[in-house]
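Q: I am new to this structure and would like to learn how to read its features one at a time. Could we begin with the strands and then move on to the rings?

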Amino acid sequence: MKMGLMMMVVAAGSGVALADSIDLRYTGVAGGSGATKVRVGGTTYYAGHMKHTITSGARSGQTFRTFCIELAEAAQTDTATYEIVDLADAPAPGVPYGQAVADEINAIVANAVAQGWMDKRLQADAGQTDYLAKMGAVQAAIWEALGGDIRLNSGRTSDELAYYYGVLMNEQTFDDEARIDGLRAVVAGGQQDMLYVVPLPPAVLGGAGLLLGLGGLRVARRRA
């Protein structure tokens with residue numbers, strides 16, 4: 001019962017977080033026309049870090065960079081209200097990707113973090129060596145996880161993107177179980193859906209920690 005109560009508290013807190021929304025304005029891909037490219041099926045796309053500005057609330061004016069999770073929708077530069085949802089429930093509207101695809105995407109970004117290309121909030125040092133190619137490789141891998149026909153050998157795909165894709169997705173080093181906490185999606189009709197990282201609310205963390213602590217204390221007493 002105590003464990004069940006703890007899980008209810010965490011779930012309730014997560015539900016509050018996932019019910020949130022955020023107003024964003026897409027401002028372009030990092031590097032602009034200098035961003036790396038990838039051929040997906042019969043179309044060539046700029047691939048890389050997608051730049052956004054928060055346009056309302058306490059964080060208005062702040063910027064962050066992320067990755068697209070919806071090839072079928074064009075990126076628009078108008079401000080839009082995005083819902084923050086579980087990655088498995090994206091896109092919206094559309095058929096949900098499901099947990100297996102969500103886990104695959106999470107593993108991709110977690111391995112990029114392990115490579116030192118970016119931090120756990122998907123932000124990266126734009127001054128690092130081959131920044132644009134590394135971000136392009138991450139984006140290409142995400143699109144492939146979503147079912148995109150990624151053509152690394154195409155003459156339309158940037159050589160440096162293809163190289164770093166090989167580094168990231170190397171079967172000898174890629175960790176399928178790697179994850180980053182709080183990875184979600186922001187979704188809006190008429191806009192490309194994106195990855196987004198949210199922290200678990202502090203009150204939920206505190207409540208869960210307290211319950212875990214009490215449970216551990218009771219177990220210790222029984223063993224004593």
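A: Let us begin with the rule for pairing: two strands pair if DSSP finds at least two bridges between them. In this model, which is a predicted one, strand 8 (residues 183–187) and strand 9 pair in the antiparallel sense over 4 bridges. Within that pairing, Arg 184 stands opposite Tyr 196 in strand 9.

Q: What do strand 8 and strand 9 form, and how many residues lie between them?

A: Strand 8 and strand 9 form a hairpin with 6 residues between them, and Gly 190 in the turn has a positive phi of about 80°.

Q: Which residues of strand 9 lie on one side, and which on the other?

A: The general idea is that in a regular strand the side chains alternate between the two faces of the sheet. In strand 9, Met 194 and Tyr 196 are on one side, while Leu 195 and Val 197 are on the other, and all of these are buried, so that both faces of the strand are covered.

Q: How many aromatic pairs does the structure hold, and how is such a pair read?

A: A pair of aromatic rings is described by the distance of the centres and the angle of the planes. The structure holds 4 aromatic pairs. One of them joins Tyr 45 and Trp 143, whose ring centres are 5.6 Å apart and whose planes make an angle of 55°, a tilted arrangement. This pair links distant parts of the chain, since Tyr 45 belongs to strand 3 (residues 43–46) and Trp 143 to helix 3 (residues 131–145), 98 residues apart.

Q: What kind of aromatic pair do Phe 64 and Tyr 196 form?

A: Phe 64 and Tyr 196 form an edge-to-face pair, with 5.6 Å from centre to centre and 70° between the planes. Here too distant parts of the chain are linked, with Phe 64 in strand 5 (residues 63–66) and Tyr 196 in strand 9 (residues 194–197), 132 residues apart. Both Phe 64 and Tyr 196 are buried. Elsewhere, Trp 117, Tyr 163 and Tyr 164 form one aromatic cluster.

Q: Why does the span of helix 3 agree with what its 15 residues should give?

A: At 1.5 Å a residue, the 15 residues of helix 3 should span 21 Å, and the span agrees because the end C-alpha atoms of the helix are 21 Å apart. Helix 3 is mostly covered, with 13 of its 15 residues buried, and it is followed by Gly 147, whose phi is positive, near 100°.

Q: In which order do the 3 strands of the open sheet come?

A: The order is 3-2-7, and the pairing in this open sheet is antiparallel. Strand 3 and strand 7 (150–151) are the edge strands, each of which pairs on one side only. Strand 2 (residues 37–40) and strand 3 pair over 4 bridges, and Lys 37 stands opposite Tyr 46 in strand 3.

Q: How many helices and strands are there in the protein as a whole?

A: The protein has 5 helices and 9 strands, and buried residues make up 42% of its 224 residues.

Terms used
Residues are numbered from 1 along each chain as its sequence is written. Side-chain values use heavy atoms; hydrogens and water are left out. Rings of Phe, Tyr and Trp (its six-membered ring) pair if their centres lie within 6.5 Å; planes under 30 degrees apart count as stacked, over 60 as edge-to-face and the rest as tilted. Helices (H or I, at least four residues) and strands (E, at least two) are DSSP runs, numbered from the N terminus. Buried means under 20% relative accessible area, exposed over 50%, partly exposed in between (1.4 Å probe, protein chains only). The expected span of a helix is 1.5 Å times one less than its number of residues.
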